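Work through each task before reading its solution.

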Amino acid sequence: MLLSGLASAGALIVLGLLFARPQLGIVALAAFFPLNAYVIRLPLPGLNFETVFIGIAIGLTLLRFGFRIPPLRFSGPVIAYIGVLFVGFLVTTSWAPREIAQFSSFGLFKVAKSQVFTALLFFPTYLWFSNARDRRRLLEGMSLGLALAACATLADGALQITESARMGRPVGLLSDPNAMAQYLAAFSLIQLHLFSSLDLSPIRRWLHLGLYTLVLLAVVLSLSRSAWLALVLGHGVYLMYVNRKLLLAGAATLVLAVTVGFPFLPGLVRDRVEETFRSGNVVFAGSSQLESSAASRVVFYRIGAGMFLDSPVWGHGLGSFKLLTPKYGARYGMLRHKDPHSLPLKLGAEMGTLGLGVFIWLSLMVLQTGRRLWWARSDERRFGPLLLGAGATLLIANLFTTEFMHTHQVSAYFWLLLAIAAHSDQDRASGSL
């Protein structure tokens, strides 16, 4: 109750700042976003703080800039993503009410709306953050938000506040340890980016490095294997551009840690790694030699392949994988409604070639934008490795989860980062940098 009251008071401050100074309001939202789920909900179904804030931000943006959108090379994939979600909603509602007991079209609409609204953040953020100083301030707001989530996770681990923490995996302000870890792992690079920014005072730079250390500790405590792998590979992409000597040193340290140094790692880390290679008690057809989590993922891919082949163009609709798991999974012994635990798998099964096409288009846009920024030798060229490293982290992590679509902290920070990187690239192209 206390946390809900504090979060609601913070939400009012964020809204006040948005009306007074929209740029500062978006920065405050970035720092506040981990608390978003704890704001007291309005009595109208589907109307929460996030909806109100983004709706007001879009309205203020229209008043200030008129009906403008970023160049289509940036906004095209974002619009296509929103469109695919809308098509997926229509496809599901065309069949699910007849075939699925207790299916709620309005419930699915709220899911689709929540996923669309974080993507809509891209448009006001792009238009309001038109210079390097303001973009750096937004990154600092995001760094503070990451630190807030990390500190809550560390407190949860120490005090065992949540049920998940009592089972050995603290979650802090988020609902799932994998979601928390992916959020922190992907965007921890923002803090390294700020530490290397010579435009900040030494105190601020070292502050962000200290916050980065807290974030890494929280990721370790999450025991999320997908986040660990994604963090290592994402940092590898980032360091490949900005500091190859540090990349080689980090790679050598990692090799030593997983070989001769493995017995000296903390027990909870060793146990989690070793668990990957143990056969589980849950057995599925064709995957009996795998650990339970890995075995279930093999079955998910088989289910997804069957769903894709049955409807390869537009899939079975948003949320259909979970609805149809018992139907397609019966032959493998998977009889419960389950999440696919893979974003490409979810998109292919639920939205077919359209969904996979948008996913590839968005990934290519991130890749091209990051590379152009780095090779342009502009003042903000380090935005390139930051975007590429964060994008790689999210890509790897979402091969094993679907947090990009289901965890608002993950998707909101991605769209915020993409928006300011895109504007920086546009400034580079126009000669403004």
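**Exercise 1.** Which helices each supply at least two residues of the lining of the second largest pocket?

*Solution.* The model is predicted, with local features needing pLDDT of at least 70 and side-chain atom pairs counting only at pLDDT 80 or more, while totals for chains, interfaces and linings use all residues. Residues are numbered from 1 along each chain as its sequence is written, and side-chain values use heavy atoms, with hydrogens and water left out.

Step 1. A pocket is an open set of points on a 1 Å grid over the protein atoms alone, with protein on both sides within 12 Å along at least five of seven lines; a cavity is a set where a 1.4 Å probe fits but cannot get out; lining residues have an atom within 4 Å of a point. Helices are DSSP runs (H or I, at least four residues) numbered from the N terminus.

Step 2. The helices are α4 (72–99), α16 (343–375), α17 (383–397) and α18. The largest share, 10 residues, comes from α16.

Step 3. The volume of this pocket is about 450 Å³, a volume being the space filled by probe spheres set on the points, which are joined across faces, edges and corners. Of its 22 lining residues, F359, S363, V366, G391 and L395 are the closest to the centre.

Step 4. By class, the lining has 18 nonpolar, 4 polar and no charged residues (nonpolar: Ala, Val, Leu, Ile, Met, Phe, Trp, Tyr, Cys and Pro; charged: Asp, Glu, Lys and Arg; polar: the others, Gly among them).

**Exercise 2.** Describe the packing of α7 against α19 and against α2.

*Solution.* Step 1. Two packed helices are described by the angle between their axes and the distance between the axes. Axes are lines fitted to C-alpha atoms over the stretch in contact, and angles run from 0 to 180 degrees between N-to-C directions.

Step 1. Helix α7 (residues 132–159) packs on α19 at about 160°, with the axes 11 Å apart. Therefore α7 is roughly antiparallel to α19 (an angle over 145 degrees). On the α7 side, the contact includes R135, L138 and L139, and on the α19 side it includes Y413, L416 and D427. This contact has 8 nonpolar, 4 polar and 2 charged residues.

Step 2. The axes of α2 (residues 22–32) and α7 come within 6 Å and cross at roughly 25°, so α2 is roughly parallel to α7 (an angle under 35 degrees). Q23, I26, V27, A30 and A31 form the α2 side, and the α7 residues they meet include D134, R137 and L138.

**Exercise 3.** How many cavities of 30 Å³ or more does a search of the whole structure find?

*Solution.* The search finds 1. The largest cavity has a volume of about 30 Å³ and is lined by Y81, Q115, T118, F404, M405, S411 and W415. The lining divides into 4 nonpolar, 3 polar and no charged residues. At least two lining residues come from each of α5 (105–120), α18 (403–406) and α19 (408–430).

Terms used. Angles under 35 degrees count as roughly parallel, over 145 as roughly antiparallel, 65 to 115 as roughly perpendicular and the rest as oblique. Contact means heavy atoms within 4.5 Å.
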